[in-house]
Amino acid sequence: MENVILVIHLILALCLIGIVLLQRSEGGGLGMGGGGGDVMTGRAAATALGKLTWIFAIGFICTSLTLTVLARRDAATSSVMDGVAIEDVAPAETTTPAVPSGDSLLPPSADAPVEAPRAD
């Protein structure tokens, strides 16, 4: 059920983006003036794209709220700590890692004699 609503939600989001991009820019949002088509009436005529924008927006909000309610319902029945299992783990035996032989940048092993610095 949640997957079906999520798919519908994504389709509505893509449709809403497409419809908004198809609409004519009126320029009123940025203070750039705009067309004088609605100066006399005070209200722009509702176009088909405007109606579709409202329909997609209402559908998008409804699916958003539905997905939020479903997610909250699932979260109320489980906790993050339910997935954590506490196990008694015995301390691991300490072993020294194998040192590769040959020319390396590793310090000398503990078996090698340490040379004292010369005092000149």
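Analyst: Leaving aside residues up to four places away in sequence, Thr53 touches Leu16, Ile19, Val20 and Gln23. In this predicted model, Thr53 lies in helix α2, which runs over residues 48-76, and with a relative accessibility of 18% it counts as buried, because the cut-off for that class is under 20%. Thr53 and Gln23 are 30 residues apart along the chain, and their C-alpha atoms are separated by 9.4 Å.

Helix α1, which covers residues 2-22, has 21 residues and reaches 30 Å from its first C-alpha to its last, close to the 30 Å expected at 1.5 Å a residue. The buried residues in α1 are Ile5, His9, Leu12, Ala13, Leu16 and Ile19, and they cover an arc of only 135 degrees around the axis, which puts them on the same side of α1. An α-helix has 3.6 residues a turn, so residues three or four places apart point the same way. Two of these buried residues, Leu16 and Ile19, are also among the residues that Thr53 touches.

On the other side of α1, Asn3, Val4, Leu14, Leu21 and Leu22 are exposed.

Methods
Residues numbered from 1 in each chain as written. Predicted model: local features only at pLDDT ≥ 70, side-chain atom pairs only at ≥ 80, totals over all residues. Heavy atoms only, no water. Helix = DSSP H or I, 4+ residues; strand = E, 2+ residues; numbered from the N terminus. Expected span 1.5 Å × (residues − 1). Buried < 20%, exposed > 50% of the residue type's maximum accessible area, 1.4 Å probe, protein only. Arc of directions from axis to C-beta. Contact = heavy atoms within 4.5 Å.
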